[in-house]
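Please keep the sequence and the structure in view while reading.

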Amino acid sequence: MNVTGAPSGPVREATRTDRLLAALGGLVAAYVSLAVADLVASRVRPEASPVVAVGSAVVDRTPAALKDWAIRAFGENDKAVLQLGILLFLALFAVGTGLLALRHRVLGAAAVGAFGLLGALAAVTRPDSDSAADAVPSLVGAAVGGILLYVLVGRLLASGSGLGFGPGPARADRRRFLVVAASSGLAATGAAALGRAVGSPAEENATASRAALRLPRPASPAPPVPAGARPAVPGISPFTTPNRDFYRVDTALVVPKVNADRWRLRLHGAGVREELTLTLRDLMARRTVERDITLACVSNEVGGPYVGNARWLGAPLADLLREAGVRPPSEGGPADQLVARSVDGMTIGTPVEEVMDGRDALLAFGMNGEPLPFEHGFPVRMVVPGLYGYVSACKWIESIELTTFDAYDAYWVPRGWSAEAPVKTQSRIDTPRPFGRPSAGTVMVAGVAWAQHRGVRRVEVRVDDGPWRDARLAAEATRDTWRQWTYPWEATPGRHTLTVRATDGIGATQPERRTDIMPDGAQGWHSVVVTVEEGG
Ligand SMILES: Nc1nc2c(c(=O)[nH]1)N[C@H]1C(S)=C(S)[C@@H](COP(=O)(O)O)O[C@H]1N2
Ligand SMILES: [Mo]
């Protein structure tokens, strides 16, 4: 065999079938390479899998406008779309390597290796990577893929005796090519599936630590929700959003699975008397409080779904800060920004003043009576009433640093979002649904309105261009929660537009004009169009 991998003897022209098979070989090699990498990653760290690592690197480098568009267009499926995009790109590249290998076996195999290096580089430069071992899945995968491509194309070229593709050896070689391709593809699929089914040891420990967790009884239970806070109207958002229905917004392509027994929270920075490290046990042994708090995402369009209300259990963050010697800027403290960092490298900047102004800013470990679900930040996340999630609600938190807004920009700030972002007042019509066809007569219009930490004072509904009418407001739980509202509408047949607007606790009414979610949250009235059908 010669080193260049070029066929020896008289060179046969590659036929169309050759090229087709070589492209297929490239695809199979890439697929096997990814499956092997995935299998290795499942043993080591799922986040170190090349598709995830490259995907996360792409997420971090995606221009804000494109990301904004992706969230708008694909909503909570934006991650799946991203991964599909990466796979499509990879498929094109794989076809290329196959064709390259047909002309030059070693170069083709080397191209697969180079791509593996890229995956390895992405994996070790992720902010959550703390060891060179994260390069291993990509490297092993690429090595296997490269060798496989070399072997496969070797089968195609084996017929390079100058005889051309006649009935003889060439056909047998093609058959062998297909056998090797199919069997390696199947084997890799099986191995990867097994790896996923078994789960990584680290993941199992995390799951076990969550199952074993017993939440403390709160020293300060949530104030009872007033009887009138939950109107029974079909189609209205429930006052408490069940965990499984709670919206999820984050940049994590793989949900971090943190082992609660090994979790630590580090508190440090300007004005901290002495750096602190807490375990979950330490945190749960502190004075704990339970509060109903509505969390909203800055990416929530008018009428959108990225808002939810849960009963959080946790330790007040302000207590911890005071104990550590931290003073808010209004008392002469040197730090005006608190930067929370998560195990996956997210950074979230929150104003120290707001965290310490008496509101129930929490280091939360409980959500609606159970330990935080992994998707929502297990074992500990922050929750601060009145601030959008991206400036307050760090999930999978691992450290808090006291600094200044001048000195540090958290993750979303260089991407065009405001450094400070109090929640804007919003109201939403949950029922009837857009383009619904209710029957004439009394139709219950209902929904939710929120203006966390200011409270909702009034909700009004308008039919077509008619006058604004007061909706019936459910009793207020606290000013940190949303309020449900209902409006019995005497609906007449035909097409109608229903519009809602809310007034917050300091008397400000939502402005009519819709604004973009960028840079600090959407404003504007929500409306739905329905067609009322003849009654009876
Ligand atoms: N580690 C981490 N925490 C995060 C985020 C993230 O991407 N990573 N997203 C934030 C945003 S933008 C919002 S709106 C809330 C959403 O919390 P939820 O997914 O539990 O609803 O989490 C915040 N905390
Ligand atoms: Mo968000």
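Which residues of strand β18 form its covered face, and which its uncovered one? In β18 (residues 526-532), His-526, Val-528, Val-530 and Val-532 make up the covered face. Ser-527, Val-529 and Thr-531 make up the uncovered one.

This is a predicted model, in which local features need pLDDT of at least 70, side-chain atom pairs count only at pLDDT 80 or more, and totals for chains, interfaces and linings use all residues. Residues are numbered from 1 along each chain as its sequence is written, chains are lettered from A and ligands numbered from 1 in the order in which they are written, and side-chain values use heavy atoms, with hydrogens and water left out.

## Overall make-up

The protein chain has 11 helices and 18 strands. Both are DSSP runs numbered from the N terminus: helices are H or I with at least four residues, strands are E with at least two. Along the principal axes, the C-alpha atoms fill a box of roughly 90 × 70 × 40 Å. Of the 536 residues, 52% are buried. Buried means under 20% relative accessible area, exposed over 50%, and partly exposed in between, using a 1.4 Å probe and protein chains only.

## Strands and pairing

Strands of a sheet pair through backbone hydrogen bonds, either parallel or antiparallel. Here two strands pair if DSSP finds at least two bridges between them.

One open sheet has five strands in the order β2-β1-β10-β5-β6, with mixed pairing. Its edges are β2 (276-279) and β6 (347-351); each has a single partner strand, so one side of each lacks a neighbour in the sheet. From one strand to the next, the twist averages 20 degrees. For such angles, axes are lines fitted to C-alpha atoms, for helices over the stretch in contact, and values run from 0 to 180 degrees between N-to-C directions.

| Strand pair | Bridges | Partner residues |
|---|---|---|
| β1 and β2 | four bridges | Arg-264 and Thr-279 |
| β3 and β4 | eight bridges | Ala-296 and Val-307 |
| β4 and β7 | five bridges | Gly-314 and Ala-364 |

Strand β4 (residues 307-316) is mostly covered, with nine of its 10 residues buried. Gly-366 sits in strand β7. Its relative accessibility is 1%, so Gly-366 counts as buried. Gly-366 and Arg-311 are 55 residues apart in sequence, yet their C-alpha atoms are 7.9 Å apart in space.

## Pocket and cavity

Rolling a probe the size of a water molecule over the atoms shows where empty space is left. On a 1 Å grid over the protein atoms alone, a cavity is a set of points where a 1.4 Å probe fits but cannot get out; a pocket is an open set with protein on both sides within 12 Å along at least five of seven lines; lining residues have an atom within 4 Å of a point. Grid points are joined across faces, edges and corners, and a volume is the space filled by probe spheres set on the points.

The largest pocket has a volume of about 930 Å³. Its lining counts 45 residues, and Ile-71, Asp-78, Val-249, Asp-250 and Thr-251 lie nearest its centre. Helix α3 gives the largest share of this lining, eight residues. Where does the largest pocket lie? Domain 1 (16-199) and domain 2 (243-415) both give residues to its lining, so the largest pocket lies between them. The domain bounds come from an automatic or database domain assignment.

The structure holds one cavity of 30 Å³ or more. The largest cavity contains about 40 Å³ of space. Among its lining residues are Gln-337, Tyr-390, Phe-405 and Ser-418.

## Backbone exceptions

Most residues other than glycine have a negative phi, and most peptide bonds are trans. Phe-378 and Pro-379 are joined by a cis peptide bond, with omega about 5 degrees. Pro-379 lies in the loop between β8 (370-371) and β9 (381-383). Another cis bond runs from Thr-431 to Pro-432, with omega near 0 degrees.

Asn-368 has a positive phi, near 50 degrees. This residue counts as partly exposed, at 23% relative accessibility. Trp-396 also has a positive phi, about 50 degrees. Trp-396 is buried, with a relative accessible area of 2%.
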